[in-house]
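Open the structure in your viewer and keep the selection tool at hand. The tour moves from one selection to the next.

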Amino acid sequence: MEKNMSYQERKTIAMIVSSVLIYLVYSLVLFLKYQNGDFLNIEPLRLGAVIILLVIPLQIVAKIITMILFTIGRAIAVQGDPDIPIEDERDKSIEEKSMKIAFYIFSAGFFLAMGSLALAWPLSVAFFLLFGSLFGSDIGSGIAQFRYYRRGF
Amino acid sequence: MGKSRVSNNIRTLRFHNEEMTQQQLADKAGVTRQTIIAIESAKYSPSLELAFRIALAFNVKLEEVFSFSPEEIEGVKS
């Protein structure tokens, strides 16, 4: 990794790390709850919906916290005003392009999930695919964003 | 992303404008230094508005900063 990373590149890395951490922790909590038998009395369809619906606000909160911590960390590192660069047209273009990638990844996961249901595979497979595509789209867009910033556009 | 078909003289113009730094140009144009670097190295084609703002920063006409080479487009003969 080159030594001179821009503010945007650092921010993107922080966001990717936060996404990985939140999904890892969330998956671990779910796994432990599953092992404890906490989900035995919940209908599988409802459980899947709750798991997927919960991960979205969690992800948003994690991103906000990461952004706050990142800004504080930067202020400490530069010892004063963090001097956050303005978001310009290139940033918006990069964001649009990376969002497009996220959309493609999620769409692929969604179609696979629907395919698994059409093939009468267990419901859990569809939910795993949906959960995985949510994670994949988040990480995929982050990596794409980092790559765009690294090469200029 | 390959090189843009829009080329520019930003580096030369910066040099002739009291060796204006990329950051100074970025501040005048209202963008980040990274965007100026990307434009200068022809990795990113700016919007028309930004192109005008860059030209304004140098007090020159748009065509003195940017030029377009249609002969580089595949299959198009000039």
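Predicted model: local features only at pLDDT ≥ 70, side-chain atom pairs only at ≥ 80, totals over all residues.

Residues are numbered from 1 along each chain as its sequence is written, and chains are lettered from A and ligands numbered from 1 in the order in which they are written.

Select residues 44-78 of chain A, helix 2, and residues 123-151 of chain A, helix 4. Helices here are DSSP runs (H or I, at least four residues), numbered from the N terminus. The two pack at an angle of about 10 degrees, with axes 10 Å apart. Because angles under 35 degrees count as roughly parallel, helix 2 of chain A is roughly parallel to helix 4 of chain A. Residues making the contact include A:I51 and A:V55 of helix 2 and A:F127 and A:L130 of helix 4.

Next, pick A:L53, also in helix 2 of chain A. Is A:L53 buried or exposed? A:L53 has 10 C-beta neighbours inside 10 Å, so it counts as exposed (exposed means 12 or fewer other C-beta atoms within 10 Å, buried 20 or more, and partly exposed in between, with C-beta atoms placed from the backbone).

Move to chain B and select B:E18, in the loop between helix 1 (10-16) and helix 2 (22-29). Most residues other than glycine have a negative phi. B:E18 has a positive phi of about 55 degrees, and B:E19, in the loop between helix 1 and helix 2 of chain B, has one of about 50 degrees.

Finally, show both chains: ten residues of chain A are in contact (C-beta atoms, placed from the backbone, within 7 Å) with twelve residues of chain B.

Terms used: Contact = placed C-beta atoms within 7 Å. Axes fitted to C-alpha atoms, helices over the stretch in contact; angles between N-to-C directions. Parallel < 35°, antiparallel > 145°, perpendicular 65-115°, else oblique.
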